[in-house]
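Let's take a walk through this model together. Keep the viewer open and follow along.

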Amino acid sequence: MPPVDIQADRQMDLLAAAVTTCATGRSAVKIRDFVRETGLDRRDVTPALRFLTDTGLLTSGPAGWTPTVSGVRVGQLWTANREAARTVFGEVWRDSWVYQLLIDSVHPGVALSADEIAKAMRPYRTSQLTPWVHLVDWLELARYVERDDDGHLRLSQAASTDAGAGAEKATHGKEEDDEPQTPAPDTSSPQLGLVLPLSMDQLLHLSAEDYGAVMRSLATIYDVLSRQRA
């Protein structure tokens, strides 16, 4: 989750600093480089880098942080044309868990406050709300939500289209599940199952960051298994 003490646009300055530094021939960027280039406090830089890494804009290693291909596309534009950078950011972030969670949680056309969007997106009620409210700043930066004259937020047209398509697919899938089907004889070899490595009680006590990490790991494992079975 994004840190609560630094605005989304200032965190994006960190991405731009990583792109600029690596463009000089450096293989990675260290904390001190980010502090020097952005003027941000060291204690704010570390959680911001963790979030940028978690959402696919940076990678981290023993030598430091390096922008991903998507991160380079956004970071190169950020210092020159922020509006263009926001457009590209919205494009590359559509593959992130953040976007999928948004369109699964918020209905198209409904006017909501930032707090209401945060409450809709957080995985369980015991999660701290503040980080999720700050995540809404990122949603607005990516143009996934748009603010009207009254200050309310709605899904953008593109996000609304994706949310509607997802809801239609879910409804169609439910209708198919409701239809009685005759099971076909199983002539294939046994397939691997995907078992959650946590009990429900353990899952409910995870932090929001750990919960997101678990869900992304499971999605990755499922994708790999699906390709192996294809």
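What follows goes from confidence to one helix, then to salt bridges and aromatic pairs.

First, the ground rules: this is a predicted model, so local features need a pLDDT of at least 70 and side-chain atom pairs count only at pLDDT 80 or more, while totals for chains, interfaces and linings use all residues. Residues are numbered from 1 along each chain as its sequence is written, and side-chain values use heavy atoms, with hydrogens and water left out.

How confident is the predictor? On the pLDDT scale, which gives the predictor's confidence in each residue from 0 to 100, the protein chain has a mean of 83, and 72% of its residues reach 70 or more. Watch out for residues 186-195, where the pLDDT is below 50; beyond near neighbours in sequence, that stretch has eight contacts in the model (a contact being heavy atoms within 4.5 Å). Where pLDDT is low, predicted coordinates should not be read in detail.

Now for helix α1, residues 8-22. Helices here are DSSP runs of H or I with at least four residues, strands are runs of E with at least two, and both are numbered from the N terminus. Is α1 mostly covered or mostly open? It is mostly covered, with 12 of its 15 residues buried; buried means under 20% relative accessible area, exposed over 50%, and partly exposed in between, using a 1.4 Å probe and protein chains only. Among the buried residues of α1 are Met12, Leu14, Leu15 and Val19.

Asp13 is on the buried list too, at a relative accessible area of 15%, and its side chain meets that of Arg10 in a salt bridge of 2.6 Å, N to O. By salt bridge I mean a side-chain nitrogen of Lys or Arg within 4 Å of a carboxyl oxygen of Asp or Glu. Both partners sit in α1, three residues apart, about one turn of the helix. An α-helix has 3.6 residues a turn, so residues three or four places apart point the same way. Arg10 itself is partly exposed at 29%.

A search of the whole structure turns up 12 salt bridges. In another of them, Glu91 meets Arg73 at 3.3 Å, N to O. That pair links distant parts of the chain, with Glu91 in helix α5 (residues 82-92) and Arg73 in helix α4 (residues 69-78), 18 residues apart. Glu91 is partly exposed at 44%, and Arg73 is partly exposed at 40%. Arg147 and Glu140 also pair up, at 2.9 Å, N to O. Beyond that, salt bridges with shared partners join Arg26, Asp33, Arg36 and Glu37 into one network.

On to the rings: the whole structure holds seven aromatic pairs. Rings of Phe, Tyr and Trp (its six-membered ring) pair if their centres lie within 6.5 Å, with planes under 30 degrees apart called stacked, over 60 edge-to-face, and the rest tilted. Tyr99 and Tyr144 make a tilted pair, 4.6 Å centre to centre with 55° between the planes. Tyr99 lies in helix α6 (residues 97-105) and Tyr144 in the loop between α8 (129-141) and β3 (145-147), so the pair ties together parts that are 45 residues apart in sequence. Tyr99 is buried at 3%, and Tyr144 is buried at 4%. Last stop: Phe51, Phe89, Trp93 and Trp138 form one aromatic cluster.

Note on methods. Expected span 1.5 Å × (residues − 1).
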